[in-house]
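Student: I would like to learn how to read a protein model step by step. Could you guide me through it?

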Amino acid sequence: MRLFQKSKTLLEVMVMEKSKVVDMLKNETVDLEFVKKDGTLRVMTCTLQENKLPAQVDLEEHVQKKAPNPDILAVFDVINQGWRSFRWASLKKVNGEEFV
């Protein structure tokens with residue numbers, strides 16, 4: 001019988017937390033707190049709920065052909081009514097809870 005389980009690495013914990021944040025965004029409006037590239041702290045109320053996203057346009061005309069970046073997530077800012085993105089490494093809080 002094994003008494004101790006292998007502890008998760010920080011990377012495994014972050015991956016789990018990322019998926020939890022994405023699930024939250026798909027189901028509700030979420031407050032994210034992160035540090036912008038210029039070093040300022042930003043709080044953004046955002047979502048990925050389909051019923052709150054703007055109507056889609058023909059993306060072929062507007063999207064550049066480039067590989068997705070797993071370090072960045074694009075979300076819809078419900079206050080400013082526009083698409084914004086943030087770097088996972090800069091995320092500090094999700095709905096007031098620390099992001100690990």
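Student: Does F76 count as buried or exposed, and why?

Tutor: Keep in mind that this is a predicted model. To judge burial, look at the relative accessible area: under 20% means buried. F76 has a relative accessibility of 3%, so F76 counts as buried.

Student: And what about W83, which pairs with F76?

Tutor: Values between the two cut-offs, 20% and 50%, are called partly exposed. W83 has a relative accessible area of 44%, so W83 is partly exposed.

Student: How many aromatic pairs does the structure hold?

Tutor: There are four aromatic pairs. In one of them, the ring centres of F76 and W83 lie 5.6 Å apart, and because their planes meet at 70 degrees, the pair is edge-to-face.

Student: Which residues do ring pairs link into a cluster?

Tutor: The cluster consists of F34, F86, W88 and F99, joined by ring pairs.

Student: Now the overall layout. How many helices and strands does the protein have?

Tutor: Count two helices and six strands. Reading from the N terminus, their order is α-β-β-α-β-β-β-β.

Student: How many salt bridges are there?

Tutor: The idea is to look for a side-chain nitrogen of Lys or Arg within 4 Å of a carboxyl oxygen of Asp or Glu. The count here is two salt bridges. One of them joins the side chains of R42 and D77, with 3.0 Å from N to O. This pair connects distant parts of the chain, since R42 sits in strand 2 (residues 41-47) and D77 in strand 3 (residues 72-77), 35 residues apart. R42 and D77 are both buried.

Student: What does E98 form a salt bridge with?

Tutor: E98 pairs with K93, and their closest N and O atoms are 3.9 Å apart. E98 has a relative accessibility of 58%, so E98 counts as exposed. K93, at 26%, counts as partly exposed.

Terms used:
Residues are numbered from 1 along each chain as its sequence is written. This is a predicted model: local features need pLDDT of at least 70, side-chain atom pairs count only at pLDDT 80 or more; totals for chains, interfaces and linings use all residues. Side-chain values use heavy atoms; hydrogens and water are left out. Rings of Phe, Tyr and Trp (its six-membered ring) pair if their centres lie within 6.5 Å; planes under 30 degrees apart count as stacked, over 60 as edge-to-face and the rest as tilted. Buried means under 20% relative accessible area, exposed over 50%, partly exposed in between (1.4 Å probe, protein chains only). Helices (H or I, at least four residues) and strands (E, at least two) are DSSP runs, numbered from the N terminus.
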